[in-house]
Structures are given as C-alpha cells and as structure tokens.
Amino acid sequence: MDFQATIDADGRIEPRDAMPDGYRKTLIRQIAQHAHSEIIGMQPEGNWISRAPSLRRKAILMAKVQDEAGHGLYLYAAAETLGVDRADLLDMLHSGRQKYSSIFNYPTLTWADIGAIGWLVDGAAIVNQVPLCRCSYGPYARAMVRVCKEESFHQRQGFEILYTLCNGTPGQKAMAQDALNRWWWPSLMMFGPPDTASTHSEQSMAWGIKRHSNDELRQRFVDMTVPQADVLGLRVPDDGLVHQDGRYRFTEPDYTELYDVVKGNGPCNQQRLSHRVKAHEDGAWVREAAAAYAAKKEARAA
Ligand code: BYC
C-alpha cells in the first residue's frame with residue numbers, strides 16, 4: 001500500500017516504507033524534541049535526589065529520573081529509524097538548533113515541586129502522549145506505549161507526595177499550594193501555542209502524527225486535573241475557572257511567556273543547557289571506550 005492509502009486506512013508507516021520528505025522531517029523534529037525533553041527533564045528532579053526527605057523518597061525519585069533517561073533512549077532509537085544519527089541530534093540540542101519542552105526551564109525550589117512535577121508535568125505528558133500511542137509512525141507509537149505506562153506511575157507518585165504534604169502540617173500544605181501556584185501556568189504551556197497560532201498541528205493531524213490539537217489536549221488536562229486538586233484540598237490559581245456543561249472554562253496561560261521561554265529566556269535555560277553540555281563532554285570517555293570495544297569485537301568476528 002502506498003503512503004497516503006496507509007494513512008487513509010489508519011495503518012502504520014514503518015521505517016522501510018516510502019514516506020514524503022515532510023512527514024519524515026516532522027517526525028524527526030517532534031521525536032527529537034521529545035527525546036531532548038526527557039533528558040533535560042532529568043535535571044530539575046535530579047536536583048532533589050540528595051535532598052529527598054527520606055530514604056524511601058530518595059529511592060523512588062532515583063528510579064523515576066532513571067526512567068526519564070530510558071524514555072530518552074527509546075525516543076532517540078525511534079528517531080534513528082528515520083535515518084538520523086543520535087550524535088547529530090545531540091549536537092543540535094547542544095547548539096540550540098533543536099528545542100526541548102519549555103517546562104524544564106523552571107526551577108524546583110522546594111520538595112513540593114517534585115510532587116507538582118509528577119502530578120502536573122507527568123500528568124500533562126500522559127494527556128499529550130496517550131494519543132501518540134496511535135501515531136501513524138510505528139516505532140514512535142510503540143515507544144509511547146511503554147513510556148505512557150511509566151508516566152502513569154510517575155503521576156501517581158507525584159500526587160502521593162502532594163497528598164502527604166496536604167495532610168501534614170499547615171506549613172507543608174502551604175508549600176504544596178505554592179508549588180501548584182508556580183507550576184500550573186507552565187504546565188498549561190506544555191501543550192504548545194493555541195490552535196490559532198500552532199504552525200504544525202494541521203499537517204501533523206492530517207498525517208496521523210498528532211491525533212488532537214493543542215487546545216483539545218489542554219482542555220482535557222484541565223478537566224482531569226481540577227478534580228484532583230479538589231481531592232488534595234488545593235486551589236487552582238485561576239480566578240476564571242468555572243465548571244460548565246461537564247467541562248471547565250479556564251484562563252489561557254500567557255503565551256508571550258511560552259514564546260519567551262522557548263526562545264531561551266526562561267529562568268533556567270542557560271543552566272539546563274550548560275549542564276547538559278558538560279555532562280556530554282564528561283561522558284566522552286564512555287563513548288570512546290564503548291566504540292573501541294565494539295571495534296575490537298567486530299575485528300575479532302571478521
Ligand atoms: N516547549 O506548531 P506547534 C516529559 C514549539 S517531556 C518548547 O504547536 P507541534 C517528561 C514547537 O516545537 C514532555 N517548544 O508544534 C520528561 C514548534 O517549534 P518548531 C515533552 C514548544 O510540534 C521528564 C513551535 O513551538 N513532550 O514528558 O505541532 C519528566 C510551534 O508549535 C512547545 C513532547 O515533546 C513547548 N511547550 O506541537 C516529566 C511530546 N510547544 O519545531 C515529563 C511530543 C510548542 O517549529 N511533542 N513548541 O521550531 C508534541 O506533542 C508537540 O511537539 C507539541 C508542539 C505539542 C509540544
């Protein structure tokens with residue numbers, strides 16, 4: 001079946017199938033940005049591994065951060081099936097030519113922020129990524145199945161951190177509220193610009209890469225999250241929030257802030273990128289050793 005017939009039949013495109021150049025480029029752009037987000041996303045949470053309030057919390061957080069590294073690896077592998085090299089993708093991240101999610105340019109100031117990231121950021125990621133399990137490109141869709149299972153676990157652990165704080169001392173509950181106040185708006189921005197300003201949505205939806213528009217997913221996230229805030233006894237920091245006809249009307253985030261953060265002007269952009277570049281440079285000896293080992297093994301087999 002040719003490309004368009006497969007898309008029309010809601011089938012899967014696989015790496016060896018013919019595909020338009022634009023389809024390949026869009027997938028590389030989105031999957032690379034997604035992979036970079038997972039890897040950069042390790043930093044705000046990694047900051048708290050040494051300060052987690054108990055051994056149990058530390059072990060859980062370490063496992064979560066390792067999961068994010070794993071997600072990055074599945075995604076780089078999925079991107080490689082489109083004919084790009086992982087080293088080139090990393091180079092584009094390090095030189096600012098490829099993006100990563102705006103959300104990871106905000107600081108984690110308190111332990112409650114770790115709860116808020118799990119609850120809100122992983123929660124937003126699930127809403128965004130569950131439909132990607134039905135993406136028309138096979139390797140990306142299959143990677144998403146496992147990623148989403150792990151993200152659900154992450155979301156529950158974040159919620160549980162906040163639940164514990166909200167049922168603790170007044171100071172702990174205030175810390176949870178402060179985290180929600182700071183992470184709410186950036187979480188809404190994770191879904192991208194509004195539909196009227198989204199440059200890629202229409203084509204990506206026609207190709208079956210994205211299944212829903214940015215605004216549809218943002219609405220879904222709000223509808224899912226507000227009742228969970230009620231369970232926690234926290235207030236979503238939006239005076240315009242109204243429940244109407246089974247949905248929540250909400251105030252849109254300030255998209256000028258999103259554009260500004262994406263341009264590199266968020267509170268932590270420079271720190272995140274320089275930390276990533278340093279980690280890459282410090283790891284050069286591992287890559288060299290792995291390449292030398294592989295070359296030796298190949299020479300022996302020949
Ligand atoms: N941040 O036409 P649009 C995670 C860019 S990680 C930065 O709507 P599209 C996790 C967009 O790339 C979560 N850039 O684009 C990890 C485009 O720029 P270019 C990451 C953004 O692609 C650790 C331009 O703005 N998830 O789960 O149709 C711990 C125009 O936008 C953002 C993914 O990456 C943003 N927020 O839709 C916890 C999921 N929004 O490329 C959790 C996969 C937009 O033209 N990605 N831009 O220069 C997607 O679903 C889509 O790429 C987006 C944007 C919804 C993000």
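Me: Which conventions apply to the model and its numbering?

Reply: This is a predicted model, in which local features need pLDDT of at least 70 and side-chain atom pairs count only at pLDDT 80 or more, while totals for chains, interfaces and linings use all residues. Residues are numbered from 1 along each chain as its sequence is written, and side-chain values use heavy atoms, with hydrogens and water left out.

Me: Where does an oxygen or nitrogen atom of the ligand lie 3.2 Å or 2.8 Å from the protein?

Reply: A polar contact is a pair of N or O atoms within 3.5 Å. The side chain of lysine 210 has an N or O atom 2.8 Å from a ligand oxygen, and a polar side-chain atom of asparagine 214 is likewise 2.8 Å from an oxygen atom of the ligand. At methionine 189, a backbone N or O atom lies 3.2 Å from a ligand nitrogen. Of the 1000 Å² of accessible area that the ligand has on its own, the protein covers 90% (Shrake-Rupley method, 1.4 Å probe).

Me: In which pocket does the ligand sit?

Reply: On a 1 Å grid over the protein atoms alone, a pocket is an open set of points with protein on both sides within 12 Å along at least five of seven lines, whereas a cavity is a set where a 1.4 Å probe fits but cannot get out; lining residues have an atom within 4 Å of a point. The ligand sits in the largest pocket, meaning that more than half of its atoms lie within 2 Å of the grid points. This pocket holds about 1200 Å³ of space (the volume filled by probe spheres set on the points, which are joined across faces, edges and corners). Its lining has 48 residues, with Gln33, Ser101, Met190, Phe191 and Gly192 nearest the centre, and H6 gives the most, 7 residues.

Me: What lines the largest cavity?

Reply: The structure holds 1 cavity of 30 Å³ or more, and the largest cavity has a volume of about 40 Å³. Its lining consists of Arg57, Ile60, Leu61, Trp111, Ile114, Gln157 and Ile161.

Methods. Polar contact = N/O pair within 3.5 Å; in protein donor to acceptor, adjacent residues only side chain to side chain. Helix = DSSP H or I, 4+ residues; strand = E, 2+ residues; numbered from the N terminus.
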